Number of protein chains: 2
Amino acid sequence: MVSIGYVGVDSVPKHPECAQDGTNRCLGDLKVTKADPPLNPWNVFKVTCPTRQVLNCITDKWAVLVVGCLLERDRRSGELRREIEGISQKMLTQTLRALERDGLVRREVFPSVPPRVDYTLTPLGRSLGGIVDQLREWSEQHIDQVLQSQQRYDKAPDKP
Amino acid sequence: MVSIGYVGVDSVPKHPECAQDGTNRCLGDLKVTKADPPLNPWNVFKVTCPTRQVLNCITDKWAVLVVGCLLERDRRSGELRREIEGISQKMLTQTLRALERDGLVRREVFPSVPPRVDYTLTPLGRSLGGIVDQLREWSEQHIDQVLQSQQRYDKAPDKP
DNA sequence: CCGGATCCTCTGGGATACTG
DNA sequence: CAGTATCCCAGAGGATCCGG
């Protein structure tokens with residue numbers, strides 16, 4: 001368990017499933033959050049905000065790549081592995097499971113021999129895909145600036 | 001060094017700075033990538049695509065939160081730490097440095113006593129902020145579906 | 001108040017071998 | 001071919017102390 005816990009928060013953590021992996025320590029009851037008067041939109045900053053969990057799901061390199069890949073068209077497991085360079089078998093499966101759990105990806109098994117498994121974006125996943133796609137565009141458009149900035153930074157002698 | 005290396009790629013890796021931390025193993029010469037005939041927009045999947053590096057920068061929970069926070073207004077270091085619940089001193093500094101290196105955040109020091117440091121989004125950072133903001137919106141709108149899906153998934157007895 | 005330096009823990013993630 | 005189970009290590013990240 002991580003140390004930040006529910007420190008100081010009015011202790012009503014009630015999404016048992018959420019906390020199952022170390023990354024997302026959850027989070028308080030959703031209803032509470034929703035009933036609360038509209039705070040700062042970025043109550044995301046509070047550990048208690050369930051939205052942070054969604055961050056955990058898209059804040060994952062592999063997940064983004066997988067979603068992006070499925071955005072083009074449905075794929076079978078092996079295709080994904082070959083398409084996404086550098087992903088390991090383990091991480092692929094793991095990522096797909098998580099996405100499936102979150103309802104972003106649907107998994108379809110064909111009991112053929114050899115076995116075959118297809119992955120599809122759900123409508124929910126597709127909607128997120130829109131953002132992923134913008135991310136890709138942004139990257140392509142601004143990669144130059146970023147790289148330049150990095151070079152400048154690394155050259156500078158007086159960085160903090 | 002990670003094992004995926006430049007396997008099979010026409011070996012022209014030339015961004016020394018990139019590889020400095022383990023996370024982004026880089027990546028091939030940018031010019032090459034750009035000169036290449038327009039491939040699949042998601043050549044991001046190739047390890048050789050510099051765009052992946054940008055992914056590394058936004059694919060970081062803390063970075064997203066920091067950018068989101070600065071999106072509201074400039075902040076001083078301490079404010080950020082207090083605002084973003086759960087971030088440690090170390091991670092905050094580290095994240096800010098990375099964002100600064102990438103040219104997304106500007107750091108301004110006031111030689112007062114006690115010292116004071118302000119952080120501001122650069123125009124570049126602000127443009128990325130647009131996407132970050134959409135991410136937040138998406139999260140708020142779809143968190144219910146995601147949570148429901150998770151509960152369903154966890155209840156189901158026959159998951160893979 | 002800002003943040004660098006250390007130490008130490010724990011886990012993310014690769015490599016490998018095995019089942020159906 | 002798809003997926004699980006094991007082993008194992010580098011490095012992400014927290015806690016702490018210190019110095020400007």
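A:Ile87 lies in the loop between helix H4 (77–83) and helix H5 (89–101) of chain A. Helices here are DSSP runs of H or I with at least four residues, strands are runs of E with at least two, and both are numbered from the N terminus. The model is predicted: local features need pLDDT of at least 70, side-chain atom pairs count only at pLDDT 80 or more, and totals for chains, interfaces and linings use all residues. Residues are numbered from 1 along each chain as its sequence is written, chains are lettered from A and ligands numbered from 1 in the order in which they are written, and side-chain values use heavy atoms, leaving out hydrogens and water.

Is A:Ile87 buried or exposed? A:Ile87 is buried, because its relative accessible area is 8%. Buried means under 20% relative accessible area, exposed means over 50%, and partly exposed falls in between (1.4 Å probe, protein chains only). Leaving out residues up to four places away in sequence, A:Ile87 touches A:Trp62, A:Arg81 and A:Leu92. Contact means heavy atoms within 4.5 Å. A:Val66 is 21 residues from A:Ile87 in sequence, and their C-alpha atoms are 9.9 Å apart.

The expected span is 1.5 Å times one less than the number of residues. H3(A) is largely enclosed by the rest of the structure, because 10 of its 12 residues are buried. The charged end of A:Lys61 sits over the ring of A:Trp62, 4.7 Å from its centre. The rule asks for NZ of Lys or CZ of Arg within 6 Å of the ring centre and within 35 degrees of the ring normal.

Now take the whole of chain A. It has six helices and three strands. From the N terminus, the order is α-α-α-β-α-α-β-β-α. Of its 160 residues, 47% count as buried. Among contacts between residues at least 6 apart in sequence, 37% join residues at least 24 apart.

Chain B has its own helix H3, residues 61–72. Its 12 residues should span 16 Å, and its end C-alpha atoms are 18 Å apart, which agrees. In H3(B), 10 of the 12 residues are buried, so the helix is largely enclosed by the rest of the structure. B:Lys61 lies over the face of B:Trp62, at 4.7 Å from the ring centre.

B:Cys57 is in helix H2 (residues 51–58) of chain B. B:Cys57 is buried, with a relative accessible area of 12%. Apart from neighbours within four places in sequence, B:Cys57 contacts B:Ala63, B:Asp102 and B:Leu104. B:Leu104 is 47 residues from B:Cys57 along the chain, with 10.0 Å between the C-alpha atoms.

Finally, the interface. In chain A, 69 residues contact 69 residues of chain B. The area buried between the chains is about 6600 Å², and carbon and sulfur atoms give 61% of it. Buried area is the accessible area (1.4 Å probe) that two parts lose on being put together, summed over both. How many salt bridges cross the interface of chain A and chain B? The rule finds three. A salt bridge is a side-chain nitrogen of Lys or Arg within 4 Å of a carboxyl oxygen of Asp or Glu. B:Lys46 and A:Glu85 form a salt bridge through their side chains, at 4.0 Å from N to O.
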